[in-house]
Amino acid sequence: MKQFLSSSDVLYVNSLLKKAKRIQQDSYGNNMIGKNKTMVLLFFNPSLRTRLSTQKAAQNLGMHVITMNVSQAWGIEFEDGAVMNLDKAEHVKEAAAVISQYADLIGLRTFAGLQDREADYEEKILNQFAKYATVPIVNLESATVHPLQSFADVFTIETYKKKKRPKVVLTWAPHPRALPQAVANSFVEWMKKTDYELVITQPKGYELSTQFTTGCSITYDQQEAFHDADFIYAKNWSSYSDYGKILPTDVNWMITAEKMALTNDACFMHCLPVRRNVVVEDMVLDSPNSIVIQQAANREVIAQTVLSEILKNL
Ligand code: CP
């Protein structure tokens, strides 16, 4: 693997899932592959899981890790040819090239701005970094996708599934703030790499981009979707068509124990952080069927799997 920007950088999911299983059983078994290598983690946005799990994964492989909140550095300009006489003091051409002098790998988190759909869906910031960096980039959640999360989600479903082809439901859930579509887009993209039965359910107006959902089974009836489901994956996202907006939010879409009773004793999943009793009620999140903590634990396993694949080629 040369880089990890999106699911298209993973050609053989099944062989990497087997590798992830081995890493889960022996996380220090390959702790020299990253010796004398440095990973720089750049965060344009907040993080708990991605930051800690990626740092831990890199350290398990023997790497040094430097983490920087980009808000503490100079403002970075991403427009080619910009006249930089406003607030941005440094162009990504220099920033990415300079960081590459200190790093063997760069991890980058950069959320959608939710103002300009075209710029977000072009992945402008991620792609500009990838263009001007001279070392591999690892996507720690970008404007449209969160591949480390989704790969960990597939690994989690593989671990907990009780049948070869489980029914997996991605359900929109309420949230008071406008959130990006990245986790949902990415989850759909990675589900398509499996042979699971995927059903997406959301209120009207919250349809994801057809770039991701073409060919998917989609229903506006959440209860119908829940019938016989083996996994319920809850996530909020803002509107794609009325870009970045929250429509009159329907609180009835919260995940409740009553709805979970419609399922085939389904596992409950969420990428976290999650707002209790808004997205999902306590009774579900605190139930034995909730696997959100195991899901988060698997972020370390999958980050380590991805980093070790890239390190093999350095
Ligand atoms: N799920 C996830 O990416 O969590 P953080 O935003 O805390 O990194």
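The ligand lies between domain 1 (7–145 + 298–311) and domain 2 (149–296), because both domains give residues to the shell around it; these domain bounds come from an automatic or database domain assignment. The structure is a predicted model, in which local features need pLDDT of at least 70 and side-chain atom pairs count only at pLDDT 80 or more, while totals for chains, interfaces and linings use all residues. Residues are numbered from 1 along each chain as its sequence is written, and side-chain values use heavy atoms, with hydrogens and water left out.

Taken over C-alpha atoms, the centres of domain 1 and domain 2 are 25 Å apart. Between the two domains, 27 residues of domain 1 are in contact with 32 residues of domain 2, where contact means heavy atoms within 4.5 Å.

Around the ligand stand S47, L48, R49, T50, R109, H146, Q149, C271, L272 and R299, each with a heavy atom within 4 Å of the ligand.

The protein covers 94% of the 250 Å² of accessible area that the ligand has on its own, as calculated by the Shrake-Rupley method with a 1.4 Å probe.
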